[in-house]
Amino acid sequence: MRYNYRLRPGAQAGRALLTEWHRCRFLWNEAVHQQKSGSRPDLKKLGKLLTEARRSSQWLRNGSQNVQQQMLRTYMQALAHSFKVKGRGRPKVKARKKTLPSLEYTTRGFSIRDSRLVLPKGVTIPVVWSRSLPSEPASVRVFQDLLGHWYASFVVQRDTEPAPDTDGVVGVDWGVTTTATATDEAHDLPYLGHRQRCAAELAKAQRRMSRRRSGKRGPQSNGYQRAKRDAARLHKKAARQTQHDSRVWAKQMVDGHQLLAVEDFKPKFLAKSTMARKAADSAIGAAKRELIDRGLRAGRKVVLVKPAYTTMTCSSCFARAKQQLELDERTFLCHCCGYTDSRDRNAAKTILAVAERGHTSVDDVRHVHPSSGSGVCAV
Ligand SMILES: [Zn+2]
């Protein structure tokens, strides 16, 4: 698990971190060039490159060897991954202005003394210990975000806290107006639209950005940097609020249910979709991730159900409607058994019913219960 903390480096330590980052960036880019020039680098070759480069360059020697080795190891992982996954590009050059600093240290490269993070070459940084570390950290990633804030992300071991015993079951359907509709109304997660609420302010900041010099030709203007910072701050605020809400919601969902049947919704960030749609999608993504992670960690049974036909299948008798419901049709009415419910609630119940029967798709259930489906209805 990762535990993240805010860092408050002084001016000197902040400068040291940035220089360290540029050294690492240089090594990464060297490795990229080597790969591009035809020879596929391996860790041994890169290790040799590092030793030689450090021998000949005082600038590199001034930096920590631990973090530089780690950077090349990360590069090799990225490269191996790019060969494994089809259609994935090779690792790219990290441009000075376009990449955010990120430094990885192993146990040998850092320590914690007097509640400060001690890095090689005499860099010590005060940490905001918002909660205590559950164990000795195995490694740490020091990184900076768009706002210029520094963070430390420690890899730690934590015992899983036992979740309360329960035999509750729940189904979840994702949506735009209500982020999550559960089988039980009490467990719905309404869409709060944090991003949308600050959309006007965000648009203002973005307009200001577009009027200032962005640095494509010549230097960036101070006004541009200020506007960019404002936009980043608003983004971050909204993201943090969304994450908080989904954490609180996911916790009570996992505490109260043994079986979690979740619609396997894939967000589609289509070019033509509106800002509002994208914001709703990202809220769904955050809630889904949080729910699945927490559920698995607590040892719950999490079933992902394919979204196809969930809205047009009756949760009571499993008959499928002939036509898809229109998007503005908010109630579901079964033509076979006369069952009626709100559209999303019915979908959530169908999802739960599918999972309870041990399946992951509506079609599988229809296959098993042919008498209740296929348009032939006994009722
Ligand atoms: Zn029905």
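Author: Helices are DSSP runs of at least four residues, numbered from the N terminus. In this predicted model, one such run is α1, residues 11-36, and Glu 20 is found in it.

Reader: How many residues does α1 have, and what distance does α1 reach from its first C-alpha to its last?

Author: Helix α1 has 26 residues and reaches 37 Å between those two atoms, close to the 38 Å expected at 1.5 Å a residue. The helix is followed by Gly 38, whose phi is positive, near 115°.

Reader: Is Glu 20 buried or exposed?

Author: Buried means under 20% relative accessible area, and Glu 20, at 6%, therefore counts as buried. Leaving aside residues up to four places away in sequence, Glu 20 touches Gly 63, Ser 64, Val 67, Gln 68, Leu 103 and Tyr 105.

Reader: Which residues coordinate the zinc ion, and how are they spaced in sequence?

Author: Cys 314, Cys 317, Cys 334 and Cys 337 coordinate the zinc ion, each through its SG atom, at 2.2 to 2.4 Å, and these donor residues follow the spacing C-x2-C-x16-C-x2-C. Cys 317, in the loop between β12 and β13, and Cys 337, in the loop between β13 and β14, are 20 residues apart, and the pair links distant parts of the chain. Cys 317 is buried, with a relative accessible area of 17%, whereas Cys 337 is partly exposed, at 29%.

Reader: What geometry does the site of the zinc ion have?

Author: Ideal angles at a metal are 109.5 degrees for four tetrahedral donors. Here the angles among the four donor atoms of the zinc ion are 107 to 111°, and the site is tetrahedral.

Notes. Residues numbered from 1 in each chain as written. Predicted model: local features only at pLDDT ≥ 70, side-chain atom pairs only at ≥ 80, totals over all residues. Heavy atoms only, no water. Donors = N, O, S within 2.8 Å, 3.2 Å for Na, K, Ca; no water. Tetrahedral: all angles 85-135°; square planar, octahedral: opposite > 155°, others 65-115°. Buried < 20%, exposed > 50% of the residue type's maximum accessible area, 1.4 Å probe, protein only. Contact = heavy atoms within 4.5 Å. Expected span 1.5 Å × (residues − 1).
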